[in-house]
Amino acid sequence: MPYRLSASLIAHSSDVRALSSPTNDLVLSASRDATAIYWQKPSPVAPFAPASVLRAGSRYINSVAYIAPTSDAPKGYAVTGGQDTVINVFRLDAPREDPDFSLLGHTENVCVLDVTPGGAIISGSWDRTAKVWKNFALAYDLRGHQQSVWAVLAVDEDQYLTGSADKTIKLWQRHKAVHTYEGHRDAVRGLALVPDIGFASCSNDSEIRVWTFGGDLVYTLFGHTSYVYSLSVLPTGDIVSGGEDRTVRIWRDGECIQTLVHPAISVWAVSSMPNGDIISGCSDGVVRIFSASEERWASEADLKEYDEKVASTALPSQQVGDIKKSDLPGPEALNFPGKKPGEVKMIRNGSVVEAHQWDSATNSWQKIGDVVDAVGQGRKQLYQGREYDYVFDVDIQDGVPPLKLPYNVTENPFSAAQKFLESNDLPLTYIDEVVRFIEKNTSGASIGAGSEEYVDPYTGASRYRSVPSAPSGPASSYQDPYTGGSRYTGTPTTSPPPAAASQYVDPFTGASRYSGAPQSPASAAAAKILPVEKFITFKQANVSAMQGKLQQFDEALRNEISTSSLAMYPDEIVKIEEAFDFLNAATATPRRRPNGTLAAAHIETIIQVLERWPSLQRFPVIDLSRLVTGFAPEAFDVPGLKEKFIEALFTASEWSASWSLPLPKPKETNILLLFRTLSNVFQDKISLSGTWSGKVLEYLDQAPYSSLNKNHRVALATILFNASCVALRTPVEKAFSDQLISLILPILRSETADSEAAYRALVGLGNLIHASKAQNLLDASQFGEIVVRIRTLSTTFPEERVQNVAQEITALVS
């Protein structure tokens, strides 16, 4: 019988990177959502369900293995490894929040694990080593590979195989390398024992090789069209493979006998059960079970739904070969049987090109998707020595050779478009047109988008888009750049008219009363608003999403040869993790007491990363700065540190670069996060000693107001308002007051559209005038200009809250 879908296990929220299925009723899965799940089947007729979720940190879990039951653990142990470099071991009979054992020794991502029948653990890492652990202690350190160790396999208790990105496989006898196998043309990604022969290996070269332990190549399996990530061997001896071409393939006697196409971009992992069922883990976060036993197949409705999902996906043309639509046959070509399992045939069905694959198990053609006209998730395309998912030919004008536009699906289209235009000396005004071109021609890469691994930092959508996925909110809606859902709530998003009857009117909504305040008579005059001493802060965020984005960027930099030197160093990773641990506690509801405090060393680390990382990757680091300034101001108490931090922030935001519109999207985002960070810098009990405050205002005076969008303007006005609150609470120098006035008055003159920015600047001005009464900060000439600006503003914004504050300021300066 052919293999068909048996069950879909849905619980992970991101890619499933590793699997283990040692029994017919137990599955372990590891995911980039920072969890491993222990799936259990309570009875032969019951479905699989999560028995427990294993979580030892906030970083990707990329590997998982199983240790058989012992007297101490009657259900066995789950072993996990990932980006945090720690191998964690959990008892499955009584799983706890913390692991039972944590094995320390690797210095980079632990990307693969295996276990011997006796319970020894073999681990492979990006640190170029494999390690053998016995009784949960390091036994052997296997050193010899020149690049990351992507694959490990226990042959017996004392022999181990390792596969590496250096394209070699090594056989180890305890801690000594006794044989090296060469032949793959790219990184070795998976290993599996083949009974009575030796072992099998798979690689990024799209090949599967079967070897004897003596080093003889028995045969090579060809069929995958891209990277092959994982291997398993069925009880029958058949080989199972999964890879980047979104297929699981079953091999017998050197031939592919069945291909299982998935509705996802990547099949990261495959495993097999003792009953012969096949397990797959994919980029869409789903664990799927396939069975050759009809009694374990899913219902007809579920099978039909699955086939429709596969058929509705889009395939890049490179994955199925070069095509010329006019030469393709029509649907009648499907009346003839295929010549071999997995054969792909393309037909023209109206204006659509469909790809169908011959399934020898059912003797029928299976539609596997619609073909789009672009190079895609098949073999990577080389351009200027680097690999890309797409390399487009872009015709600029007749008679001129087309320009090359390289693009990876993990890139922001705005960034790719900007690089393309700049490298070819084309006007940046074309950027939206290029972005639309990229999005239109990469529709085949949208498979499995539900995972939201690539959240657009500019729109919050699950894929990068050139326009927001929902109507934009008002300027003060503060959309979280990581999720698009949680919002910064330093101030409400709308401003209804004020309730004149309350003495306790919220100065920023004009309506909300502070609870418990007495009501004044309805006939009372409008409430006094000035001065307003309460700071506005931007402290809310999805910390875990921010942390995940920063780690994703760090991993991407580390994995690219040209940028690996920019990735965070081990000591920096420690400090950044400590900062996120602190912030997770500080932002929890209810708030938890952080285990430690943040100090100057953490600020120095943030500065170093800001100074080193590329512009496109800086936004989570700047946003981390926003929270650190808000929740740990004491970390800046070292003399000169705040000046250094401020300088790094402005440099990272490309403050001195061109302000011509449209602003590059990275700069637009980074400037907004910079402004929110500076708003948090000016807060209660802040010391203005040193030169930092004057430097901040000096920088802000350089920004052309017309180049700022509505969110920028509100955040800028918030900085000035918070600075005015400082002047109310502590003596300030006249130079500081003069700088504030010189920033506020142009806003009142220039702002004609957004009343929120104008109102905050106006209240800040009122605060300064109040402070001047006690500190003699303003002179008569300034009062004259203030009166002129107030009159203009009152005409521009007739809102009652603006009119009330304007009247109060006019009375103060009269």
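Modeller: What follows is a walk through this predicted model, topic by topic.

Biologist: Start with the overview. How many helices and strands are there in the protein?

Modeller: The secondary structure comes to 16 helices and 36 strands.

Biologist: And how much of the protein is buried?

Modeller: Buried residues make up 56% of the 814 residues. As for contacts between residues at least 6 apart in sequence, 53% of them join residues at least 24 apart.

Biologist: Now the helices H13 and H14. At what angle do their axes cross?

Modeller: Roughly 145 degrees, and the axes come within 9 Å. H13 covers residues 734-750 and H14 covers residues 755-775. The crossing is left-handed.

Biologist: Which residues of H13 and H14 meet there?

Modeller: On the H13 side they are Ser 737, Leu 740, Ile 741, Ile 744, Leu 745, Ile 747 and Leu 748. Facing them from H14 are Ala 757, Ala 758, Ala 761, Leu 762, Gly 764, Leu 765 and Leu 768. By class, that contact has twelve nonpolar residues, two polar ones and no charged ones.

Biologist: Next, aromatics. How many aromatic pairs does a search of the whole structure find?

Modeller: The search finds 24. One of the pairs is Phe 199 with Phe 213, which is tilted, with 5.6 Å centre to centre and 45 degrees between the planes.

Biologist: Which parts does that pair of Phe 199 and Phe 213 tie together?

Modeller: Phe 199 lies in strand E19 (residues 198-203), while Phe 213 is in the loop between strand E20 (208-212) and strand E21 (217-221), so the pair links parts that are 14 residues apart in sequence.

Biologist: Are those two buried or exposed?

Modeller: Phe 199 counts as buried because its relative accessibility is 0%. Phe 213 has a relative accessible area of 31%, so this residue is partly exposed.

Biologist: What about Trp 358 and Trp 365, what kind of aromatic pair do they form?

Modeller: An edge-to-face pair, 5.3 Å centre to centre with 65 degrees between the planes. Trp 358 is buried at 9% relative accessibility, and Trp 365 is buried at 13%.

Biologist: Which residues form an aromatic cluster?

Modeller: One cluster is made up of Phe 650, Trp 655, Trp 659, Phe 675 and Tyr 699.

Biologist: I also care about charges over rings. Where does Lys 539 lie?

Modeller: Lys 539 is over the face of Phe 631, at 5.1 Å from the ring centre. There is also Arg 676, whose charged end sits over the ring of Phe 538, 5.6 Å from its centre.

Biologist: Switching to backbone. Is the peptide bond from Leu 530 to Pro 531 cis or trans?

Modeller: That bond is cis, with omega near -5 degrees. Pro 531 is in the loop between helix H4 (431-441) and helix H5 (543-559). The bond from Leu 661 to Pro 662 is cis as well, with omega near 0 degrees. Pro 662 belongs to the loop between helix H9 (641-652) and helix H10 (665-681).

Biologist: Then what is phi of Phe 136?

Modeller: Near 60 degrees, a positive value in a residue other than glycine. Phe 136 sits in the loop between strand E12 (129-134) and strand E13 (137-143). With 25% relative accessibility, Phe 136 is partly exposed.

Biologist: And Arg 246, is that buried or exposed?

Modeller: Arg 246 is buried, since its relative accessible area is 2%. Its phi is also near 60 degrees, and its place is the loop between strand E23 (239-243) and strand E24 (247-252).

Biologist: Last one, Ser 360. What does Ser 360 touch, not counting residues up to four places away in sequence?

Modeller: Ser 360 touches Ile 257 and Pro 341. Ser 360 is in the loop between strand E31 (352-359) and strand E32 (364-372), and counts as partly exposed at 25% relative accessibility.

Biologist: How are the C-alpha atoms of Ser 360 and Pro 337 separated?

Modeller: By 9.0 Å, with the two residues 23 apart along the chain.

Conventions:
Residues are numbered from 1 along each chain as its sequence is written. This is a predicted model: local features need pLDDT of at least 70, side-chain atom pairs count only at pLDDT 80 or more; totals for chains, interfaces and linings use all residues. Side-chain values use heavy atoms; hydrogens and water are left out. Axes are lines fitted to C-alpha atoms, for helices over the stretch in contact, and angles run from 0 to 180 degrees between N-to-C directions. Helices (H or I, at least four residues) and strands (E, at least two) are DSSP runs, numbered from the N terminus. A crossing is left-handed if the near helix is turned anticlockwise from the far one by less than a right angle, and right-handed if clockwise. Contact means heavy atoms within 4.5 Å. Ala, Val, Leu, Ile, Met, Phe, Trp, Tyr, Cys and Pro count as nonpolar, Asp, Glu, Lys and Arg as charged, and the others, Gly among them, as polar. Rings of Phe, Tyr and Trp (its six-membered ring) pair if their centres lie within 6.5 Å; planes under 30 degrees apart count as stacked, over 60 as edge-to-face and the rest as tilted. Buried means under 20% relative accessible area, exposed over 50%, partly exposed in between (1.4 Å probe, protein chains only). A charge sits over a ring if NZ of Lys or CZ of Arg is within 6 Å of the ring centre and within 35 degrees of the ring normal.
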